[in-house]
Amino acid sequence: MFILRQWYVKKAIRKYLQTNKDVLFYDAGAGFCQYSYFVLKSYNKAAVYATDLQIDIEREKRFLGQHASFDGANADLQTFVSPQKADMVIAIDILEHIENDEAVLKNFHSSMKENAVLIIHTPSDKDAAATFTSEHVRPGYSMTCIVEKATANGFQVIEGKYSYGFWGSLYWKLTVKNSLSLISFSSIIWILLPFYILVIFPFALIFMCLDFIRNNGAGNGILLVCKKSK
């Protein structure tokens, strides 16, 4: 509820992942598998395949209640192609961490059925914080750049929008940035942090809603939805 990026991604999943047939959802760079969990709980006919550089598949299966439709592997997305063709692939805030991002896009293309959908979320080049994040190999993308890379690697872009516009950036500063700054100032702040969150939560929720319903002309994030073309 408190992570605006998930609002955008889950809306796109609901819009483009079909509910009336068996589908395979490929969660690339899955992290804590929060989107895998969302799909398994929301789509009765969905199977999920998750990858990450470090992922404990057995642990995730235990968390998901030994869900028979969940599987995955430790994988480097620059070289890995899914053994099963997916109906939808998501890559959420991972491309900025990978040197050969075009190899990843090519491998996604090879991992997808015809007309399958790819959802990408990444920092934009307007995100000052992304510039100083040591794990990033590039300081975000421009909309033009990410669209051109997707198109060059076999995708047709069907939707592109900015996330974390004015109101979304204000929410992020009020919640994430301020919380991290307070914690770094003193460890005692951990005790007070829940009270700070309770006070700012109504304002943060309003800012998130405003960002989510607006067509942002610019923003610190980019959501791109693509379809695999021949």
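So, D87 is buried, at 15% relative accessible area (buried is under 20%, exposed over 50%, partly exposed in between, with a 1.4 Å probe and protein chains only). Its partner is K113: the two form a salt bridge, closest N and O atoms 3.0 Å apart. By salt bridge I mean a side-chain nitrogen of Lys or Arg within 4 Å of a carboxyl oxygen of Asp or Glu. K113 sits in strand β5 (residues 112-123) and D87 in strand β4 (residues 86-92), so this pair ties together parts 26 residues apart in sequence. Strands here are DSSP E runs of at least two residues, helices H or I runs of at least four, numbered from the N terminus. K113 itself is partly exposed, at 34%.

Quick caveats: this is a predicted model, where local features need pLDDT of at least 70 and side-chain atom pairs count only at pLDDT 80 or more, while totals for chains, interfaces and linings use all residues. Residues are numbered from 1 along each chain as its sequence is written, and side-chain values use heavy atoms, leaving out hydrogens and water.

Okay, how many salt bridges does the structure hold? The count is 7. One of them joins E159 and K161, at 3.4 Å from N to O. E159 is buried at 15%, whereas K161 is partly exposed at 23%. Those two also belong to a salt-bridge network with K15.

Then there's K126 with D125, where the closest N and O atoms are 3.8 Å apart. K126 comes out partly exposed at 43%, and D125 is partly exposed too, at 40%.
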